[in-house]
Amino acid sequence: MGNKNISMAVIRRLPKYYRYLADLLSKDVQRISSKELSEIIGFTASQIRQDLNNFGGFGQQGYGYNVEALHKEIGKILGLDRKYRAILIGAGNLGQALTNYTGFRLAGFETIAVFDANPKMIGLKIRDFEIMDSDNVEEFVRENDVDIACIPKNGAQLVADKLVRAGIKGIWNFAPIDLEVPSDIIVENVNLTESLFTLSYLMKENLEG
């Protein structure tokens, strides 16, 4: 089933549903109404029903949602029922933190290599990964069927160009720039500074309100 017409606002809410449903499952909750779910998540009950109806709807009148089934279906919608092979480019503080984060593997994102341009880093180890020379990333991606690359702020566009030539499918971009890539390459931007500025704005509004 294609979901090309679903708005990004709905898509960006799905991971939150998935996370809260996983928490309910861990507490052995078997079913839940949209009203109860709204009290937990913070979305309105009607918003929840509307969001889920985009994908066919999963609830029953008078019964609510089967938590396990809904969690599984949202996982499929998010593509989490398949495995992704990922590489990290940049073994600095952020790269090390991402490499050591076990949540990626649990979600089906398998890190298979770590790269860095700094000669002093090459050959060192993070977890079980020996840091490789980022000059070789293009060849590695081409030969190892890599799905996703996480790229740092330094030389991000040059790195992206190499990845595109090698056939990468998705880029997790931590650089504070908008990458220029072909339209068939998926880029998810994670701008920590912009997020911090948003926090600053909301705090200012709260103090001045």
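This is a predicted model: local features need pLDDT of at least 70, side-chain atom pairs count only at pLDDT 80 or more; totals for chains, interfaces and linings use all residues.
**Basis.** I number residues from 1 along each chain as its sequence is written.

**Helix H4.** I took helices (H or I, at least four residues) and strands (E, at least two) as DSSP runs, numbered from the N terminus. In H4 (residues 67–77) I found Val67, Leu70, His71, Ile74 and Gly75 buried, that is, under 20% relative accessible area with a 1.4 Å probe, protein chains only. Down the axis of H4 these buried residues fall within an arc of 135 degrees, so they line one face of the helix; the arc is taken over directions from the helix axis to the C-beta atoms. On the face turned away from them I noted Glu68 and Lys72 as exposed (over 50%). The buried residues of H4 pack against helix H1 (8–26), strand S1 (31–32), helix H3 (45–53) and strand S2 (65–66), with contact meaning heavy atoms within 4.5 Å.

**Ends of H4.** Just after H4, I read a positive phi of about 80 degrees at Gly79.

**Sheet.** I traced an open sheet of six strands in the order S7-S4-S3-S8-S9-S10, with parallel pairing; two strands pair if DSSP finds at least two bridges between them. Its edge strands are S7 (132–133) and S10 (186–189), each pairing on one side only. Strands S3 (residues 84–89) and S4 (residues 109–116) pair in the parallel sense over six bridges. I located Tyr84 opposite Phe109 in S4.

Definitions and conventions
Side-chain values use heavy atoms; hydrogens and water are left out.
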